[in-house]
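Student: I would like to learn how to read a few features of a model. Could we start with contacts?

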Amino acid sequence: MTVMFHDVHLYSREKTADGRLSGTNFSEILYADDTALITDNQKSMTALLQTIEKHSNYFCLNFNKKNAHS
């Protein structure tokens with residue numbers, strides 16, 4: 001996950017940096033096999049999700065959409 005998110009950050013920094021919560025320098029929290037995504041607007045969340053989905057395919061990872069919460 002660390003390697004994948006390194007790539008995600010390289011390719012999405014411009015798109016998602018505006019959506020970070022004030023006072024933070026991150027947009028995700030990784031714990032075990034879970035990931036929580038945090039943005040303050042829908043446009044940034046969509047860009048982040050699309051970038052993650054694109055890069056996760058390279059590592060043969062997929063979203064478990066049954067566990068997605070809004």
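Tutor: Contact means heavy atoms within 4.5 Å. Leaving aside neighbours within four places in sequence, Ser27 is in contact with Arg20, Ala36, Leu37, Ile38 and Leu48. This is a predicted model: local features need pLDDT of at least 70, side-chain atom pairs count only at pLDDT 80 or more, and totals for chains, interfaces and linings use all residues. Residues are numbered from 1 along each chain as its sequence is written, and side-chain values use heavy atoms, without hydrogens and water.

Student: Is Ser27 buried or exposed?

Tutor: Buried means under 20% relative accessible area, exposed over 50%, partly exposed in between (1.4 Å probe, protein chains only). Ser27 has 2%, so Ser27 is buried.

Student: Where does Ser27 lie?

Tutor: Helices (H or I, at least four residues) and strands (E, at least two) are DSSP runs, numbered from the N terminus. Ser27 sits in the loop between helix 1 (2-16) and strand 1.

Student: How many bridges join strand 1 to strand 2?

Tutor: Two strands pair if DSSP finds at least two bridges between them. Here four bridges join strand 1 (residues 28-31) to strand 2 (residues 34-37), and the strands run antiparallel. Glu28 has Leu37 as its bridge partner in strand 2. The two strands form a hairpin with two residues between them. In the turn, Ala32 has a positive phi of about 55°.

Student: What does the side chain of Ser27 make with the side chain of Glu28?

Tutor: A polar contact, at 3.3 Å. The term covers a pair of N or O atoms within 3.5 Å; within protein, one must be able to donate a hydrogen and the other to accept it, and residues adjacent in sequence count only if both atoms are side-chain atoms.
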